[in-house]
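Q: I would like to learn how to read a structural model feature by feature. Could we work through one together, with the general idea stated before each case?

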Amino acid sequence: MNFNSLAIKIASRCNLNCSYCFMYNLGDTTYKSQPKFMSTEVVDNIIEKTKNYIKKYQKKEFSFIFHGGEPLLASKDFFINFINKVKEIQNELTDVSFSYDLQTNGVLLDKNWIELFKKLNIYPSVSIDGTKKAHDMYRVDHKGNGSYDTVFDSIKLLKNEMNFADIACVINIEESPKEIYDSFKKMNVSYVNFLIPDYTHDNFPFDKDKTLMADWLINLFDIWIGDSKRFKIPLFLGLLNSLMRVNEKAKNESTVLVIETNGEIEAIDSLKACGNGFTKTGLNIKENSFQDIQHTSLGKLYFNDFNTKLCKQCLECPLNEICKGGRLVHRYSKKSGFNNPSVYCNDLIKLIAHIQKFFMSCYPELHEKENIEPIKPKEITNYLSAFYKNTNSPYKEELESFSKEDKVFVV
(Lines give C-alpha, C1' and ligand atoms only; values in the text may rest on other atoms or scores of the structure.)
Protein backbone atom coordinates (compact mmCIF):
# COMPACT_ATOMS: atom_id res chain seq x y z
CA MET A 1 0.00 0.00 0.00
CA ASN A 2 1.32 3.41 -0.91
CA PHE A 3 -1.30 5.99 0.05
CA ASN A 4 0.55 9.01 1.38
CA SER A 5 -2.30 11.50 1.09
CA LEU A 6 -6.04 11.82 1.51
CA ALA A 7 -7.94 14.30 -0.64
CA ILE A 8 -10.89 15.18 1.56
CA LYS A 9 -13.77 16.79 -0.32
CA ILE A 10 -15.20 18.68 2.60
CA ALA A 11 -17.50 20.86 0.48
CA SER A 12 -19.08 19.57 -2.72
CA ARG A 13 -20.34 22.90 -4.03
CA CYS A 14 -18.46 25.84 -5.52
CA ASN A 15 -19.11 29.50 -4.78
CA LEU A 16 -18.74 30.44 -8.44
CA ASN A 17 -21.24 29.95 -11.25
CA CYS A 18 -18.68 28.27 -13.45
CA SER A 19 -19.90 27.86 -17.03
CA TYR A 20 -16.77 25.82 -17.73
CA CYS A 21 -18.13 23.15 -15.40
CA PHE A 22 -17.32 20.22 -17.65
CA MET A 23 -13.59 20.97 -17.46
CA TYR A 24 -13.58 20.83 -13.69
CA ASN A 25 -16.28 18.23 -12.97
CA LEU A 26 -15.39 16.27 -16.11
CA GLY A 27 -18.97 15.40 -16.97
CA ASP A 28 -19.57 13.51 -13.72
CA THR A 29 -22.70 14.74 -11.91
CA THR A 30 -22.70 12.37 -8.92
CA TYR A 31 -21.61 15.22 -6.64
CA LYS A 32 -25.14 16.64 -6.94
CA SER A 33 -26.55 13.83 -4.83
CA GLN A 34 -23.97 14.18 -2.08
CA PRO A 35 -24.13 16.29 1.09
CA LYS A 36 -22.85 19.84 0.68
CA PHE A 37 -20.50 19.43 3.63
CA MET A 38 -18.73 16.57 5.38
CA SER A 39 -20.27 15.48 8.69
CA THR A 40 -18.52 15.04 12.04
CA GLU A 41 -19.22 11.31 11.82
CA VAL A 42 -17.40 11.02 8.50
CA VAL A 43 -14.46 13.03 9.86
CA ASP A 44 -14.21 10.76 12.92
CA ASN A 45 -14.16 7.70 10.67
CA ILE A 46 -11.46 9.25 8.50
CA ILE A 47 -9.23 9.97 11.49
CA GLU A 48 -9.72 6.49 12.93
CA LYS A 49 -9.05 4.75 9.59
CA THR A 50 -6.00 6.98 9.06
CA LYS A 51 -4.57 5.89 12.40
CA ASN A 52 -5.19 2.21 11.62
CA TYR A 53 -3.67 2.52 8.15
CA ILE A 54 -0.52 4.29 9.37
CA LYS A 55 0.00 1.68 12.07
CA LYS A 56 -0.55 -1.24 9.70
CA TYR A 57 1.81 0.05 6.99
CA GLN A 58 4.24 1.92 9.27
CA LYS A 59 4.01 5.22 7.42
CA LYS A 60 6.27 8.03 8.58
CA GLU A 61 4.60 10.84 6.59
CA PHE A 62 0.98 11.51 5.78
CA SER A 63 -0.85 14.41 4.14
CA PHE A 64 -4.42 15.63 4.22
CA ILE A 65 -5.62 17.66 1.23
CA PHE A 66 -8.73 19.76 1.79
CA HIS A 67 -10.61 19.97 -1.49
CA GLY A 68 -14.03 20.71 -2.93
CA GLY A 69 -16.08 22.21 -4.48
CA GLU A 70 -14.75 25.06 -2.48
CA PRO A 71 -13.30 24.12 0.94
CA LEU A 72 -13.50 27.68 2.29
CA LEU A 73 -17.29 27.32 2.27
CA ALA A 74 -16.78 25.15 5.34
CA SER A 75 -16.48 26.89 8.69
CA LYS A 76 -13.15 27.70 10.28
CA ASP A 77 -14.21 25.44 13.15
CA PHE A 78 -14.22 22.50 10.74
CA PHE A 79 -10.48 22.88 10.12
CA ILE A 80 -9.69 23.56 13.78
CA ASN A 81 -11.60 20.48 14.95
CA PHE A 82 -10.20 18.28 12.18
CA ILE A 83 -6.58 19.11 12.95
CA ASN A 84 -7.15 18.85 16.71
CA LYS A 85 -8.43 15.31 16.14
CA VAL A 86 -5.33 14.48 14.10
CA LYS A 87 -3.20 15.78 16.96
CA GLU A 88 -4.97 13.35 19.28
CA ILE A 89 -3.95 10.31 17.22
CA GLN A 90 -0.47 11.78 16.89
CA ASN A 91 -0.05 11.01 20.59
CA GLU A 92 -0.03 7.34 19.50
CA LEU A 93 1.95 8.04 16.33
CA THR A 94 4.79 10.10 17.71
CA ASP A 95 7.18 9.39 14.85
CA VAL A 96 4.71 10.33 12.11
CA SER A 97 4.80 13.71 10.39
CA PHE A 98 1.44 15.11 9.24
CA SER A 99 0.97 17.89 6.71
CA TYR A 100 -2.07 19.74 5.41
CA ASP A 101 -2.73 21.12 1.94
CA LEU A 102 -5.76 23.01 0.67
CA GLN A 103 -6.99 23.86 -2.84
CA THR A 104 -9.16 26.97 -3.13
CA ASN A 105 -10.53 29.20 -5.89
CA GLY A 106 -9.32 32.14 -3.80
CA VAL A 107 -12.56 34.12 -3.83
CA LEU A 108 -13.12 33.85 -0.06
CA LEU A 109 -9.45 34.02 0.86
CA ASP A 110 -8.74 36.88 3.26
CA LYS A 111 -6.47 37.78 6.15
CA ASN A 112 -8.57 35.86 8.69
CA TRP A 113 -8.30 32.66 6.66
CA ILE A 114 -4.59 33.15 6.18
CA GLU A 115 -4.08 33.67 9.91
CA LEU A 116 -5.87 30.36 10.48
CA PHE A 117 -3.69 28.64 7.88
CA LYS A 118 -0.56 29.88 9.64
CA LYS A 119 -1.87 28.76 13.01
CA LEU A 120 -2.83 25.28 11.77
CA ASN A 121 0.11 24.87 9.34
CA ILE A 122 -2.22 24.48 6.35
CA TYR A 123 -0.50 24.96 2.97
CA PRO A 124 -2.97 26.56 0.50
CA SER A 125 -2.87 26.59 -3.28
CA VAL A 126 -5.09 28.76 -5.49
CA SER A 127 -6.78 27.75 -8.75
CA ILE A 128 -6.62 30.40 -11.45
CA ASP A 129 -6.95 30.27 -15.23
CA GLY A 130 -3.96 32.30 -16.31
CA THR A 131 -4.87 35.71 -17.68
CA LYS A 132 -7.78 37.91 -16.62
CA LYS A 133 -9.49 37.28 -19.96
CA ALA A 134 -9.27 33.49 -19.64
CA HIS A 135 -10.21 33.41 -15.97
CA ASP A 136 -13.20 35.74 -16.21
CA MET A 137 -14.53 33.87 -19.23
CA TYR A 138 -15.48 30.90 -17.06
CA ARG A 139 -15.06 31.71 -13.37
CA VAL A 140 -17.86 34.15 -12.67
CA ASP A 141 -19.98 34.81 -9.61
CA HIS A 142 -23.74 34.33 -9.50
CA LYS A 143 -24.21 37.84 -10.89
CA GLY A 144 -22.04 37.03 -13.90
CA ASN A 145 -19.07 39.09 -12.74
CA GLY A 146 -15.56 37.74 -13.27
CA SER A 147 -13.53 36.80 -10.19
CA TYR A 148 -9.98 37.47 -11.47
CA ASP A 149 -9.44 40.78 -9.68
CA THR A 150 -10.59 39.30 -6.36
CA VAL A 151 -8.34 36.26 -6.79
CA PHE A 152 -5.39 38.43 -7.86
CA ASP A 153 -5.69 40.40 -4.61
CA SER A 154 -5.99 37.15 -2.63
CA ILE A 155 -2.79 35.80 -4.16
CA LYS A 156 -0.88 39.00 -3.40
CA LEU A 157 -2.15 38.83 0.18
CA LEU A 158 -1.12 35.19 0.44
CA LYS A 159 2.39 36.00 -0.80
CA ASN A 160 2.74 38.91 1.63
CA GLU A 161 1.45 36.99 4.64
CA MET A 162 2.91 33.51 4.05
CA ASN A 163 5.83 34.31 1.73
CA PHE A 164 4.61 31.94 -0.98
CA ALA A 165 1.82 31.78 -3.54
CA ASP A 166 1.25 28.43 -5.19
CA ILE A 167 -1.06 28.14 -8.19
CA ALA A 168 -2.90 25.41 -10.07
CA CYS A 169 -3.74 26.29 -13.69
CA VAL A 170 -5.51 24.12 -16.27
CA ILE A 171 -3.83 24.77 -19.62
CA ASN A 172 -5.87 26.60 -22.25
CA ILE A 173 -3.94 26.51 -25.52
CA GLU A 174 -6.11 29.33 -26.90
CA GLU A 175 -4.22 31.62 -24.53
CA SER A 176 -0.70 32.89 -25.24
CA PRO A 177 1.97 31.14 -23.12
CA LYS A 178 3.81 34.47 -22.84
CA GLU A 179 0.75 36.33 -21.59
CA ILE A 180 -0.04 33.61 -19.06
CA TYR A 181 3.57 33.45 -17.86
CA ASP A 182 3.71 37.23 -17.52
CA SER A 183 0.41 37.31 -15.64
CA PHE A 184 1.80 34.91 -13.04
CA LYS A 185 5.00 36.90 -12.81
CA LYS A 186 2.91 39.98 -12.00
CA MET A 187 1.34 38.03 -9.16
CA ASN A 188 4.84 37.19 -7.89
CA VAL A 189 3.87 33.51 -7.56
CA SER A 190 6.21 30.85 -6.23
CA TYR A 191 4.98 27.77 -8.08
CA VAL A 192 2.52 27.02 -10.89
CA ASN A 193 1.20 23.51 -11.43
CA PHE A 194 0.19 23.64 -15.10
CA LEU A 195 -2.39 20.90 -15.62
CA ILE A 196 -2.91 19.24 -19.00
CA PRO A 197 -6.70 19.02 -19.57
CA ASP A 198 -8.24 15.66 -18.69
CA TYR A 199 -9.61 14.44 -22.01
CA THR A 200 -10.11 10.83 -23.04
CA HIS A 201 -10.12 9.28 -26.51
CA ASP A 202 -13.89 9.80 -26.57
CA ASN A 203 -13.93 13.56 -26.04
CA PHE A 204 -10.49 14.75 -27.17
CA PRO A 205 -11.14 18.05 -29.01
CA PHE A 206 -7.87 18.23 -30.96
CA ASP A 207 -6.33 16.42 -33.91
CA LYS A 208 -4.19 13.63 -32.39
CA ASP A 209 -1.80 13.79 -35.33
CA LYS A 210 -0.98 17.38 -34.48
CA THR A 211 0.95 18.50 -31.42
CA LEU A 212 -0.87 21.60 -30.28
CA MET A 213 -0.30 20.88 -26.58
CA ALA A 214 3.41 20.17 -27.09
CA ASP A 215 3.85 23.32 -29.16
CA TRP A 216 2.21 25.38 -26.43
CA LEU A 217 4.28 23.79 -23.68
CA ILE A 218 7.52 24.10 -25.66
CA ASN A 219 6.83 27.81 -26.05
CA LEU A 220 6.20 28.06 -22.30
CA PHE A 221 9.35 26.03 -21.50
CA ASP A 222 11.56 28.34 -23.58
CA ILE A 223 10.11 31.40 -21.83
CA TRP A 224 10.51 29.77 -18.42
CA ILE A 225 14.04 28.46 -18.88
CA GLY A 226 15.19 31.85 -20.19
CA ASP A 227 13.97 33.62 -17.05
CA SER A 228 16.65 33.76 -14.35
CA LYS A 229 13.96 34.60 -11.78
CA ARG A 230 11.56 31.87 -12.86
CA PHE A 231 8.94 30.35 -10.59
CA LYS A 232 8.75 26.57 -10.22
CA ILE A 233 6.83 24.52 -12.80
CA PRO A 234 6.69 20.88 -11.62
CA LEU A 235 5.82 19.52 -15.08
CA PHE A 236 9.14 20.75 -16.49
CA LEU A 237 11.16 19.97 -13.37
CA GLY A 238 9.82 16.41 -13.37
CA LEU A 239 10.81 15.81 -17.00
CA LEU A 240 14.25 17.33 -16.47
CA ASN A 241 14.79 15.09 -13.47
CA SER A 242 13.65 12.02 -15.43
CA LEU A 243 16.03 12.83 -18.27
CA MET A 244 18.83 13.23 -15.71
CA ARG A 245 17.69 9.99 -14.05
CA VAL A 246 17.18 11.82 -10.77
CA ASN A 247 14.76 10.07 -8.46
CA GLU A 248 13.05 13.02 -6.87
CA LYS A 249 10.74 12.43 -3.92
CA ALA A 250 7.56 14.15 -5.02
CA LYS A 251 3.84 13.91 -4.46
CA ASN A 252 2.14 11.74 -7.04
CA GLU A 253 -1.60 11.60 -7.65
CA SER A 254 -1.52 7.79 -7.61
CA THR A 255 -0.72 7.95 -3.90
CA VAL A 256 -3.80 10.10 -3.18
CA LEU A 257 -7.05 8.54 -2.00
CA VAL A 258 -10.24 10.61 -2.23
CA ILE A 259 -12.91 10.71 0.46
CA GLU A 260 -16.16 12.35 -0.68
CA THR A 261 -18.44 14.39 1.59
CA ASN A 262 -20.65 11.34 2.16
CA GLY A 263 -17.65 9.18 3.11
CA GLU A 264 -17.34 7.32 -0.20
CA ILE A 265 -13.80 6.11 -0.98
CA GLU A 266 -12.62 6.78 -4.54
CA ALA A 267 -9.59 7.15 -6.77
CA ILE A 268 -8.45 10.56 -8.00
CA ASP A 269 -11.03 12.94 -9.50
CA SER A 270 -9.43 13.01 -12.95
CA LEU A 271 -10.86 9.56 -13.66
CA LYS A 272 -14.37 11.03 -13.50
CA ALA A 273 -13.72 12.04 -17.11
CA CYS A 274 -14.09 8.35 -18.03
CA GLY A 275 -17.84 8.43 -17.35
CA ASN A 276 -20.53 9.39 -14.89
CA GLY A 277 -20.01 7.35 -11.72
CA PHE A 278 -16.82 5.76 -13.07
CA THR A 279 -14.87 6.31 -9.84
CA LYS A 280 -17.61 4.87 -7.62
CA THR A 281 -16.34 1.82 -5.74
CA GLY A 282 -19.20 0.91 -3.41
CA LEU A 283 -16.83 1.59 -0.51
CA ASN A 284 -17.49 3.96 2.36
CA ILE A 285 -15.21 5.14 5.15
CA LYS A 286 -17.81 4.07 7.73
CA GLU A 287 -17.59 0.37 6.86
CA ASN A 288 -14.34 0.07 4.92
CA SER A 289 -10.61 0.67 5.34
CA PHE A 290 -8.44 2.60 2.90
CA GLN A 291 -6.76 -0.55 1.64
CA ASP A 292 -10.08 -2.10 0.58
CA ILE A 293 -9.94 -0.06 -2.62
CA GLN A 294 -7.13 -2.37 -3.76
CA HIS A 295 -9.72 -5.13 -4.04
CA THR A 296 -11.66 -3.19 -6.68
CA SER A 297 -10.69 -3.42 -10.35
CA LEU A 298 -10.06 0.30 -10.70
CA GLY A 299 -8.26 0.63 -7.37
CA LYS A 300 -5.97 -2.29 -8.12
CA LEU A 301 -4.93 -0.82 -11.47
CA TYR A 302 -4.72 2.82 -10.42
CA PHE A 303 -2.88 2.50 -7.14
CA ASN A 304 -0.55 -0.34 -8.07
CA ASP A 305 0.05 -0.88 -11.75
CA PHE A 306 -1.01 1.92 -14.08
CA ASN A 307 2.61 2.94 -14.82
CA THR A 308 3.56 -0.62 -15.76
CA LYS A 309 0.41 -2.20 -17.23
CA LEU A 310 0.45 -0.45 -20.57
CA CYS A 311 -0.84 -0.94 -24.09
CA LYS A 312 1.40 -2.54 -26.72
CA GLN A 313 2.44 0.81 -28.20
CA CYS A 314 3.59 2.16 -24.82
CA LEU A 315 5.42 -1.05 -23.96
CA GLU A 316 7.42 -0.73 -27.21
CA CYS A 317 8.15 2.98 -26.78
CA PRO A 318 11.76 3.89 -25.92
CA LEU A 319 10.50 6.84 -23.84
CA ASN A 320 8.12 4.96 -21.55
CA GLU A 321 10.56 5.20 -18.65
CA ILE A 322 10.21 8.97 -18.84
CA CYS A 323 6.53 9.52 -19.57
CA LYS A 324 5.39 6.19 -18.03
CA GLY A 325 2.51 6.07 -20.47
CA GLY A 326 1.12 9.42 -19.40
CA ARG A 327 -1.76 9.85 -17.00
CA LEU A 328 -4.25 7.00 -16.81
CA VAL A 329 -7.29 9.13 -17.67
CA HIS A 330 -5.70 10.20 -20.96
CA ARG A 331 -5.54 6.56 -22.10
CA TYR A 332 -9.23 5.78 -21.68
CA SER A 333 -11.81 4.98 -24.37
CA LYS A 334 -15.24 3.38 -24.02
CA LYS A 335 -14.27 0.90 -26.75
CA SER A 336 -11.06 -0.50 -25.27
CA GLY A 337 -10.80 0.81 -21.72
CA PHE A 338 -7.22 1.71 -20.84
CA ASN A 339 -5.64 -0.40 -23.59
CA ASN A 340 -4.59 2.71 -25.51
CA PRO A 341 -1.71 5.18 -25.60
CA SER A 342 -2.29 8.64 -24.15
CA VAL A 343 -4.30 11.06 -26.30
CA TYR A 344 -1.27 13.29 -25.77
CA CYS A 345 1.24 10.62 -26.90
CA ASN A 346 2.71 12.63 -29.80
CA ASP A 347 2.75 15.75 -27.63
CA LEU A 348 4.70 14.00 -24.88
CA ILE A 349 7.28 12.65 -27.33
CA LYS A 350 7.83 16.09 -28.87
CA LEU A 351 8.01 17.86 -25.50
CA ILE A 352 10.46 15.34 -24.03
CA ALA A 353 12.67 15.64 -27.13
CA HIS A 354 12.72 19.42 -26.83
CA ILE A 355 13.65 19.36 -23.15
CA GLN A 356 16.36 16.77 -23.83
CA LYS A 357 17.74 19.02 -26.58
CA PHE A 358 18.02 21.88 -24.08
CA PHE A 359 19.67 19.60 -21.51
CA MET A 360 22.19 18.32 -24.08
CA SER A 361 23.07 21.89 -25.02
CA CYS A 362 23.99 22.53 -21.37
CA TYR A 363 26.23 19.44 -21.05
CA PRO A 364 27.41 18.50 -24.58
CA GLU A 365 30.62 16.80 -23.42
CA LEU A 366 28.74 14.60 -20.96
CA HIS A 367 26.27 13.40 -23.59
CA GLU A 368 29.06 12.80 -26.09
CA LYS A 369 31.00 10.79 -23.53
CA GLU A 370 27.94 8.70 -22.66
CA ASN A 371 27.10 8.32 -26.37
CA ILE A 372 23.59 9.70 -25.81
CA GLU A 373 21.80 10.57 -29.03
CA PRO A 374 19.12 13.24 -29.35
CA ILE A 375 15.54 12.04 -29.37
CA LYS A 376 14.00 12.23 -32.85
CA PRO A 377 10.21 12.50 -32.46
CA LYS A 378 9.41 11.64 -36.07
CA GLU A 379 11.43 8.43 -35.91
CA ILE A 380 9.70 7.37 -32.69
CA THR A 381 6.18 8.17 -33.90
CA ASN A 382 6.82 6.33 -37.20
CA TYR A 383 8.14 3.33 -35.29
CA LEU A 384 5.21 3.31 -32.89
CA SER A 385 2.62 3.66 -35.65
CA ALA A 386 3.21 0.00 -36.48
CA PHE A 387 1.84 -0.90 -33.04
CA TYR A 388 -1.08 1.53 -32.95
CA LYS A 389 -3.76 -1.03 -33.85
CA ASN A 390 -1.95 -3.87 -32.13
CA THR A 391 -3.96 -4.52 -28.98
CA ASN A 392 -2.01 -7.60 -27.93
CA SER A 393 -0.63 -6.20 -24.71
CA PRO A 394 0.01 -8.87 -22.06
CA TYR A 395 -2.41 -6.78 -19.97
CA LYS A 396 -5.10 -6.60 -22.68
CA GLU A 397 -7.83 -8.42 -20.75
CA GLU A 398 -7.44 -6.35 -17.61
CA LEU A 399 -7.10 -3.02 -19.40
CA GLU A 400 -10.10 -3.64 -21.64
CA SER A 401 -12.30 -4.77 -18.75
CA PHE A 402 -12.90 -1.06 -18.10
CA SER A 403 -14.43 -0.46 -21.52
CA LYS A 404 -18.11 -0.43 -20.61
CA GLU A 405 -19.55 3.07 -20.29
CA ASP A 406 -20.59 4.14 -16.76
CA LYS A 407 -19.41 0.82 -15.35
CA VAL A 408 -19.09 0.69 -11.58
CA PHE A 409 -16.22 -1.37 -10.19
CA VAL A 410 -17.04 -2.78 -6.78
CA VAL A 411 -15.54 -5.30 -4.41
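Q: Is N188 buried, partly exposed or exposed?

A: This is a predicted model, in which local features need pLDDT of at least 70, side-chain atom pairs count only at pLDDT 80 or more, and totals for chains, interfaces and linings use all residues. Residues are numbered from 1 along each chain as its sequence is written, and side-chain values use heavy atoms, with hydrogens and water left out. Buried means under 20% relative accessible area, exposed means over 50%, and partly exposed lies in between (1.4 Å probe, protein chains only). With a relative accessible area of 45%, N188 is therefore partly exposed. N188 sits in the loop between α7 and β6 (191–195), where helices (H or I, at least four residues) and strands (E, at least two) are DSSP runs, numbered from the N terminus. Although N188 is not a glycine, its phi is positive, about 60 degrees.

Q: Which relative accessible area does N121 have, and where is N121 found?

A: N121 has a relative accessible area of 61% and is therefore exposed, and its place is the loop between α4 (111–120) and β4 (122–127). N121, too, is not a glycine and has a positive phi of about 60 degrees. A further positive phi, near 60 degrees, belongs to R245, which follows α9.

Q: At what angle do the axes of α8 and α9 cross, and which residues make the contact?

A: The axes of α8 (residues 212–225) and α9 (residues 234–243) cross at roughly 85 degrees and come within 11 Å. Angles under 35 degrees count as roughly parallel, over 145 as roughly antiparallel, 65 to 115 as roughly perpendicular and the rest as oblique; α8 and α9 are therefore roughly perpendicular to each other. Contact means heavy atoms within 4.5 Å, and on that basis α8 contributes L217, L220, F221 and W224, while α9 contributes L235, F236, L237 and L240. The residues of this contact comprise eight nonpolar, no polar and no charged, where Ala, Val, Leu, Ile, Met, Phe, Trp, Tyr, Cys and Pro count as nonpolar, Asp, Glu, Lys and Arg as charged, and the others, Gly among them, as polar.

Q: Which residues of α9 are buried, and what do they pack against?

A: In α9 the buried residues are F236, L239, L240, N241 and L243. These buried residues pack against α8, α12 (320–323) and α13 (345–362).

Q: How do the axes of α6 and α7 cross, and how do the residues of their contact divide?

A: The axes of α6 (residues 148–162) and α7 (residues 177–187) come within 9 Å and cross at roughly 50 degrees, and α6 and α7 are therefore oblique to each other. From α6 the contact involves Y148, F152 and I155, and from α7 it involves S183, K186 and M187. By residue class, the contact of α6 with α7 has four nonpolar, one polar and one charged.

Q: Where does T255 lie, and which residues does T255 touch?

A: T255 lies in the loop between α9 and β7. At 9% relative accessibility, T255 counts as buried, and, when residues up to four places away in sequence are not counted, T255 touches N2, F3, N4 and S5. V246 is also placed in the loop between α9 and β7 (256–259), and at 39% relative accessibility V246 counts as partly exposed.

Q: Which peptide bond is cis, with omega near 10 degrees?

A: The bond from G68 to G69 is cis, with omega near 10 degrees, and G69 is placed in the loop between β2 (61–67) and α3 (76–90).

Q: How many helices and strands does the protein have, and what is its radius of gyration?

A: The protein has 16 helices and eight strands. The radius of gyration is taken over C-alpha atoms, and the globule rule is 2.2 Å times the number of residues to the power 0.38. The radius of gyration is 22 Å, close to the 22 Å that the rule gives for 411 residues, so the protein is as compact as a globular protein of that length. Of the 411 residues, 52% count as buried.

Key:
Axes fitted to C-alpha atoms, helices over the stretch in contact; angles between N-to-C directions.
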